[in-house]
Each structure stands twice: as structure tokens, then as C-alpha cells.
Amino acid sequence: MSARFTNNVLILGAGSVSQSVLPLLIEHLVDAKQITIMDQRDNRSRVKSALDKGATYIQDQITRENLDSQLSKYLKAGDFLLDLAWNIDANTILQWCYDHGVLYLNTSIEEWDP
């Protein structure tokens, strides 16, 4: 068995990509209890399987004004941010992760209010 990631994982967005990647993460990389999923909408039904296994769901939004305070609630150095949301400036969030020692992966390059 390969080593599993032991730090926290924050997933921004609970859409179709999140639905697809969560089962893979849980099966191969991380315990569901380490995962927090944040979406501005109540999309719990889309990620029910992960929630049933112990993941946490937060209905909230990342904005320019709250980016630091929101991410700081859920992430520390060595944690992993999987950004599957839209309308969050990629350069801003990437810089935040770099400054805080957080691993970061995104599926697209976004801007604030494109």
C-alpha cells in the first residue's frame, strides 16, 4: 500500500469535477475525515458519498475581502487546497498558498468578476 496524505484538504467547489475527483481522493490518497468541501451553494447532495464517509461541507464563499480569513480557518502549512471553484483570482489564491506553505492545484485560471 502506498503512503497516504495525512494533512487537511480543502476543496473549493462542489460541482461535477468535485463529484468526479472526491471518490478517487478518498480511495487512493486521503481519509474523507480530512476533507472539507466549500461551495457558495448548498450542493451537499452532489457530494453525499464523501459526506457519508466523514467529509465536512461548508456553505460559504471566498471573496477578495475574506480570502485570507476564510482559507486560514481551514488550512495551515503542509495542507492541500484543491480549487475547483470559479470566480476566484488564480494569482491571488496561488500567492496566498505560497505565502502560507499550502499545496495548491487548480483546474483553470480564473479572475475576480471576469
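The largest nonpolar core in this structure has 17 residues, and Ile 11, Leu 22, Ile 35 and Ile 37 have the most contacts inside it. Keep in mind as you explore that this is a predicted model.

**The largest core**
- At least two residues of this core come from each of these elements: strand 1 (9–12), helix 1 (16–28), strand 2 (35–39) and strand 4 (80–83).
- Helix 1 gives the largest share, with three residues.
- Take Ile 11 as a guide: beyond its neighbours within four places in sequence, Ile 11 is in contact with Ser 18, Leu 22, Leu 25, Ile 35, Thr 36, Ile 37, Met 38, Leu 82 and Leu 84.

**A second core**
- There is also a separate core of 15 residues, and among its members are Leu 10, Met 38, Leu 71 and Val 102.

**Helix 3**
- Which residues of helix 3 (residues 67–74) are buried? They are Leu 67, Gln 70 and Leu 71.
- Viewed down the axis of helix 3, these buried residues fall within an arc of 90°, so they line one face of the helix.

**The largest pocket**
- The volume of the largest pocket is about 260 Å³.
- This pocket is lined by 17 residues, of which Gly 13, Asp 39, Gln 40, Ala 85 and Trp 86 are the closest to its centre.
- Sorted by class, the lining has eight nonpolar, six polar and three charged residues.

Notes:
Residues are numbered from 1 along each chain as its sequence is written. This is a predicted model: local features need pLDDT of at least 70, side-chain atom pairs count only at pLDDT 80 or more; totals for chains, interfaces and linings use all residues. Side-chain values use heavy atoms; hydrogens and water are left out. A nonpolar core is a set of buried Ala, Val, Leu, Ile, Met, Phe, Trp, Tyr and Cys residues joined through side-chain atoms within 4.5 Å. Buried means under 20% relative accessible area, exposed over 50%, partly exposed in between (1.4 Å probe, protein chains only). Helices (H or I, at least four residues) and strands (E, at least two) are DSSP runs, numbered from the N terminus. Contact means heavy atoms within 4.5 Å. On a 1 Å grid over the protein atoms alone, a cavity is a set of points where a 1.4 Å probe fits but cannot get out, and a pocket is an open set with protein on both sides within 12 Å along at least five of seven lines; lining residues have an atom within 4 Å of a point. Grid points are joined across faces, edges and corners, and a volume is the space filled by probe spheres set on the points. Ala, Val, Leu, Ile, Met, Phe, Trp, Tyr, Cys and Pro count as nonpolar, Asp, Glu, Lys and Arg as charged, and the others, Gly among them, as polar. The arc is that of the directions from the helix axis to the C-beta atoms.
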